[in-house]
Amino acid sequence: MANWIPLWLHKLSSPPAFYRFAGALRPWAITLALLLGLVALYGGLVLAPPDYQQGDDYRIIFIHVPCAWMSLFIYGVMGVAAFIALVWRIKLAEVVAMASAPIGACFTFITLVTGSLWGERMWGTWWTWDARLTSELVLLFLYLGVIGLYHSFEDRRQGARTAAFLALIGIVNVPIVHFSVNWWNTLHQGSTIRLLGPSSIAPSMIWPLLTMMAATKLYYVASLFGRTRTDLLALESGKDWVRQIAETEGRA
Amino acid sequence: MSPSLHAFFAMGGYAAYVWPAYGVFFAVLLIDWLAPQFRRRRLLRELRGRLARQEARKERTVTPSPLRGEGWGEGPRLP
């Protein structure tokens with residue numbers, strides 16, 4: 001591998017460098033997320049035809065499924081960052097792991113609520129203790145556990161490392177959520193989108209879904225960078241670079 | 001309201017399920033977006049306050065005013 005890649009990564013992991021990097025990328029990420037989100041909403045709510053079985057109710061899929069994917073994806077990112085934080089004790093990895101938890105909790109919450117709204121009409125119940133729903137609820141509790149543990153320590157870094165440990169243990173739940181519809185007989189339907197092999201969904205419905213997926217990913221980047229910047233300022237509040245930011249932004 | 005727009009908002013009779021789902025989506029993400037913004041502003045305000053206090057303390061202790069004839073360590077003690 002080229003030598004400059006690890007060097008660049010090493011430089012980027014210093015708090016002031018990442019602060020600037022994240023500040024430069026964040027406006028682009030949120031702008032693109034909003035644009036793609038609007039396109040996906042138009043495609044999903046207006047252009048896509050009603051489902052032949054579910055009528056217009058299925059349109060919840062355009063937020064439910066991307067949010068469900070994000071709930072797992074963010075947990076994966078949090079798990080990797082937690083691992084790096086525990087093994088190499090990189091401050092930025094701790095911050096990224098802890099900043100991911102609330103965003104992941106938001107997406108998991110949206111997944112559960114929209115799924116509940118969808119299920120009420122299609123299954124006739126708001127909630128059932130089916131494997132997919134239960135494991136997704138466990139995912140929410142894991143996120144809340146990580147957030148709670150992090151904030152229960154006086155020392156931020158100690159809290160981050162302890163919470164990272166919980167995040168790492170909880171990662172076993174991610175494949176359980178993903179494969180629950182195959183491993184158990186669930187009320188929840190199986191996956192309709194497959195990376196390998198044909199998907200069982202019409203093209204007019206699949207593109208808004210994938211566009212919304214891209215939008216939520218970009219939103220995550222923007223939100224993560226915003227939270228990370230704030231956390232870095234708090235964590236390094238005694239340092240010179242933070243002092244400079246506090247002074248210049250105060251006059252602006 | 002035009003009939004097509006009306007049909008759009010009616011969502012084939014599922015308006016009470018589709019729109020709240022989208023409402024929750026936007027409301028939760030809006031909170032997720034705004035909460036750290038407010039925290040950031042509060043943090044920077046606190047930082048500026050701390051810097052101003054440090055600056056004031058430094059002026060009192062490091063350069064005592066010869067006009068007032070006060071020595072080192074005068075003035076109120078700050079935490």
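Reader: Where is A:Arg89 placed in chain A?
Author: A:Arg89 sits in the loop between α3 (61-88) and α4 of chain A. Keep in mind that this is a predicted model.

Reader: What is phi of A:Arg89 near?
Author: It is near 55°. That is a positive value in a residue other than glycine.

Reader: Is A:Arg89 buried or exposed, and why?
Author: A:Arg89 counts as exposed because it has 11 C-beta neighbours inside 10 Å. The cut-off for exposed is 12 or fewer.

Reader: Over to chain B. Which phi does B:Met11 have?
Author: A positive one, about 50°, although B:Met11 is not a glycine.

Reader: And where is B:Met11?
Author: In the loop between α1 (3-10) and α2 (15-62) of chain B. B:Met11 is partly exposed, because 19 other C-beta atoms lie within 10 Å. Buried would need 20 or more.

Reader: How many residues of chain B are in contact with chain A?
Author: 22 residues of chain B are in contact with 32 residues of chain A. On the chain B side, 17 are nonpolar, 1 is polar and 4 are charged.

Reader: Back to helices. At what angle do α4 and α5 of chain A cross?
Author: At roughly 150°. Helix α4 covers residues 91-122, helix α5 covers residues 131-151, and their axes come within 9 Å. So α4(A) is roughly antiparallel to α5(A). Their crossing is left-handed.

Reader: Which residues meet there?
Author: From α4(A), they include A:Met98, A:Ala101 and A:Phe109. From α5(A), they include A:Glu136, A:Leu140 and A:Tyr150. The residues of this contact divide into 14 nonpolar, 3 polar and 1 charged.

Reader: What does UniProt say about residues 22-188 of chain A?
Author: An unreviewed UniProt entry annotates them as "domain: Cytochrome c assembly protein".

Reader: How much helix is there over residues 22-188 of chain A?
Author: That stretch is 80% helix and 0% strand. Its end C-alpha atoms are 38 Å apart.

Reader: One last residue. Where is A:Val77?
Author: In helix α3 of chain A. A:Val77 counts as partly exposed, because it has 16 C-beta neighbours inside 10 Å.

Reader: What separation is there between the C-alpha atoms of A:Val77 and A:Gly238?
Author: 29 Å. Along the chain, A:Val77 and A:Gly238 are 161 residues apart.

Conventions: Residues numbered from 1 in each chain as written. Chains lettered and ligands numbered in written order. Predicted model: local features only at pLDDT ≥ 70, side-chain atom pairs only at ≥ 80, totals over all residues. Contact = placed C-beta atoms within 7 Å. Nonpolar A, V, L, I, M, F, W, Y, C, P; charged D, E, K, R; others polar. UniProt positions renumbered as here; feature names shortened; annotations may be inferred. Helix = DSSP H or I, 4+ residues; strand = E, 2+ residues; numbered from the N terminus. Axes fitted to C-alpha atoms, helices over the stretch in contact; angles between N-to-C directions. Parallel < 35°, antiparallel > 145°, perpendicular 65-115°, else oblique. Left-handed = near helix turned anticlockwise from the far one by under 90°.
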